[in-house]
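Subject: Handover of a protein structure

Dear colleague,

Please find below the structure that I am handing over to you. I would be grateful if you could look through it alongside the notes that come after it.

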Amino acid sequence: MTDDIELNGHDRRPRTLQETARPATVAAVLSPYVQGPRTGNQRDSDSKLEEAVGLARAIDLDVQWEQSVPLRRITPATLIGKGVVERVKAVVEEQGIGLVVVDDRLTPVQQRNLEKAWNTKVIDRTGLILEIFGARARTHEGRLQVELAALDYQRGRLVRSWTHLERQRGGFGFLGGPGESQIEIDRRLIGERIVRIKRDLEGVRKTRAVNRSGRKKARLPTVALVGYTNAGKSTLFNRLSGADVFAKNLLFATLDPTMRVIKLPGGRDCVISDTVGFVSDLPTHLVAAFRATLEEVVEADLIVHVRDIAHPDSERQRADVEEVLSALGAIEEGGGTPMIEALNKIDALPLEQRVILQSRTAVGPERDRQFPVSALSGEGVEPLLIAIEDLLGKDAEAREVSVPLSDGATIAWLYRHGEVRSRRDDGEVARLTVALDAAASAQFERRQSESGAR
């Protein structure tokens with residue numbers, strides 16, 4: 001047998017398309033993986049394929065064929081072996097496939113060779129994620145960040161046809177389109193556009209820094225929700241804040257960050273931030289482009305890692321998220337931002353697994369770090385909020401203060417910026433025991449001094 005590898009896994013062949021044209025929305029998904037024993041960092045091939053199909057369907061592609069492909073070795077020219085290339089070509093022609101998604105990183109040469117072999121459009125994992133982000137960006141900032149990532153990705157994939165650029169690959173729009181003129185001119189134009197976008201994003205970064213400074217002056221701590229895409233961050237965000245952020249069982253359902261002020265069980269206010277979801281093999285272009293947004297995670301007082309505990313690859317997803325957070329400098333060995341885990345979707349677990357999980361997190365070493373919740377039903381959310389409040393106030397010291405009942409603004413300030421543990425109204429004076437951190441305590445002293453001076 002001359003094939004470099006053989007196909008196995010999930011081979012699904014639905015109806016045969018009779019039309020000769022190949023609509024670009026009719027797609028096939030190919031998920032290569034290296035054969036051999038799995039390590040702790042490798043995902044199951046079935047889960048890998050399922051995620052790739054989910055990503056494709058997230059931009060309304062009609063996936064007609066999906067296949068896991070074990071690789072004995074990497075073929076430099078096409079990534080996959082000659083035998084697989086020929087078999088996929090037959091499927092493309094039989095099924096009328098207009099787009100093949102390869103769930104791996106392709107070099108420009110590999111992408112071009114596969115397109116020639118299959119006579120159809122080909123995008124890799126990075127290109128697919130960029131397509132999703134491009135479709136989901138709603139705000140001006142989100143569009144800038146996606147465009148920056150797309151242009152950076154495109155710049156190395158300009159293909160010369162004769163002496164002029166015929167089309168561009170990757171980034172926005174896998175449908176392609178005519179280029180401008182020669183590749184050198186186009187690269188220069190892309191470079192100039194990248195410089196302009198970076199300048200605009202620098203303005204976004206400065207604006208966010210000003211907003212964070214304002215929150216710090218007001219002593220509003222920030223809690224950032226992070227997690228793998230589709231882990232339920234937006235659903236949990238809506239549950240905690242009462243907001244109506246778009247939440248759906250869909251990969252990358254939300255892209256632009258959202259922030260709300262919520263009230264913790266003790267009465268203290270804090271800001272909660274819903275951030276973009278992560279994914280395995282997140283393109284470096286996106287991590288760099290979204291740095292302005294992800295600074296909210298780095299600057300947060302507490303990170304809540306929302307995990308889909310019912311997913312078979314939950315531990316691997318956890319490692320993927322922590323890898324990105326480490327790259328951002330949000331979590332470090334022996335330091336960084338405190339982080340706890342919200343083990344979401346316990347309602348999707350079988351009863352036996354659910355009981356075991358709740359028992360383990362109630363008495364085990366994870367007791368103060370992992371909290372089983374169901375963002376959908378609200379189960380376990382109250383203990384999570386109490387843990388958030390405890391961690392935000394761990395450096396606070398309790399003190400006795402007396403405030404005239406007529407000074408309602410100061411009393412409200414204490415409830416908003418500290419944890420009021422007891423209160424006794426004595427005549428015209430409110431006597432409170434309140435826990436304030438060092439900064440809030442100093443701010444309270446200034447308020448009292450200014451009030452006394454007046």
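Predicted model: local features only at pLDDT ≥ 70, side-chain atom pairs only at ≥ 80, totals over all residues.

Residues are numbered from 1 along each chain as its sequence is written, and side-chain values use heavy atoms, with hydrogens and water left out.

The protein contains 14 helices and 17 strands; these are DSSP runs numbered from the N terminus, with helices (H or I) of at least four residues and strands (E) of at least two. Among contacts (heavy atoms within 4.5 Å) between residues at least 6 apart in sequence, 69% join residues at least 24 apart.

Two packed helices are described by the angle between their axes and the distance between the axes. Here the axes are lines fitted to C-alpha atoms over the stretch in contact, and angles run from 0 to 180 degrees between N-to-C directions.

Helix H2 (residues 82-95) and helix H3 (residues 108-118) have axes that come within 9 Å and cross at roughly 55°. H2 is therefore oblique to H3 (angles under 35 degrees count as roughly parallel, over 145 as roughly antiparallel, 65 to 115 as roughly perpendicular and the rest as oblique). On the H2 side, the contact is made by Val 85, Val 88, Lys 89 and Val 92, and on the H3 side by Leu 114, Ala 117 and Trp 118. Six of these residues are nonpolar, none is polar and one is charged.

For helix H4 (residues 125-136) and helix H5 (residues 140-155), the axes come within 10 Å and cross at roughly 155°. H4 and H5 are therefore roughly antiparallel. Thr 126, Gly 127, Leu 130, Phe 133 and Gly 134 of H4 meet Val 146, Ala 149, Ala 150 and Tyr 153 of H5.

Finally, Ser 406 lies in the loop between strand E15 (397-404) and helix H13 (408-417). Ser 406 is exposed, with a relative accessible area of 72%. Ser 406 and Ala 430 are 24 residues apart in sequence, and their C-alpha atoms are 9.4 Å apart in space.

Yours sincerely

Notes: Buried < 20%, exposed > 50% of the residue type's maximum accessible area, 1.4 Å probe, protein only. Nonpolar A, V, L, I, M, F, W, Y, C, P; charged D, E, K, R; others polar.
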